[in-house]
Amino acid sequence: MVRNIILDVGMVLVDFCWRELMESLGFDGETLEAVADATVRTPQWNEYDRSAETDEELLETFLQTAPGRQAQIRLFWEHMEGMIRQYPYAKPWIRAMKAAGYRVYILSNYARRTYALTRESGLDFLPLTDGAVFSFETGHIKPEPEIYQVVMDKYHLTPSECVFLDDNAANLTYPKQIGWNTIRFLTLEQANAELETLGVMVDPVKTAKK
């Protein structure tokens, strides 16, 4: 029986709208693609989420990736909080899960700096949950096995009582191996339908309320 619902953050509870942010900063097509290729589309972005290096070291890595776009990379860096936009259903959905009697946890790849910038805005659903584990706290990122063990150990979770929702299929492989129920999140309606097949009933009326 599922007792614990574990949610990813990006593309599940918030939109990771880096493209819209870059466009709002006035980047044209070529510049936008170059800055994206130097930041959010690099392997180093995963290290940003791990946050093992200092912010200054990470920024320097991005700057070195595209020396001709340093001014634009710095501008993007200074406005990063604008790329996290909470979905309107996020808080109502969590409240509906709680009202139905489930414990709700967060398990997310999320950088230390982005957390500090968005804790009071994009992440203001956190007080509604029963707990959270972010990659920057652990030194591990999904799909590394260690980060899943952290959330289980921290909150004393039984694998068969967990269902994990993540938009990235690769992040579901290990939890499935250790006995978690898993759902690849595509849409709210699809996720609720798949939760229902597991016996998890979330009131769609309460989910729709703001």
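In this predicted model, M80 is buried, with a relative accessibility of 1%. The residue belongs to the loop that links α5 to β3, the latter spanning 84–86. Although M80 and W18 are 62 residues apart along the chain, their C-alpha atoms are separated by 8.0 Å. When neighbours within four places in sequence are set aside, the contacts of M80 are L21, W45, Y48, R113 and L117.

On the α2 side the contact is made by T31, V35 and A38, and on the α5 side by Q72, I73 and F76. Sorted by class, the residues of this contact are four nonpolar and two polar, with no charged residues.

Helix α4 consists of residues 55–65 and packs with α5 at an angle of about 140°, with the axes 10 Å apart. The crossing of α4 with α5 is right-handed. From α4, residues D55, L58, L59, F62 and L63 take part, meeting Q70, I73, R74 and W77 of α5. By class, the contact of α4 with α5 contains six nonpolar residues, one polar residue and two charged residues. I73 of α5 is listed in the contact with α2 and again in the contact with α4.

The cysteines C17 and C162 were also examined for burial. C17 has a relative accessible area of 1%, and C162 has a relative accessible area of 0%. Buried means under 20% relative accessible area, so C17 is buried, and C162 is buried as well. A disulfide is a covalent bond between the sulfur atoms of two cysteines. Across the whole structure, the search returned zero disulfides, the criterion being a pair of cysteine sulfur atoms within 2.5 Å.

Definitions and conventions:
Residues are numbered from 1 along each chain as its sequence is written. This is a predicted model: local features need pLDDT of at least 70, side-chain atom pairs count only at pLDDT 80 or more; totals for chains, interfaces and linings use all residues. Side-chain values use heavy atoms; hydrogens and water are left out. Contact means heavy atoms within 4.5 Å. Helices (H or I, at least four residues) and strands (E, at least two) are DSSP runs, numbered from the N terminus. Ala, Val, Leu, Ile, Met, Phe, Trp, Tyr, Cys and Pro count as nonpolar, Asp, Glu, Lys and Arg as charged, and the others, Gly among them, as polar. Buried means under 20% relative accessible area, exposed over 50%, partly exposed in between (1.4 Å probe, protein chains only). Axes are lines fitted to C-alpha atoms, for helices over the stretch in contact, and angles run from 0 to 180 degrees between N-to-C directions. A crossing is left-handed if the near helix is turned anticlockwise from the far one by less than a right angle, and right-handed if clockwise.
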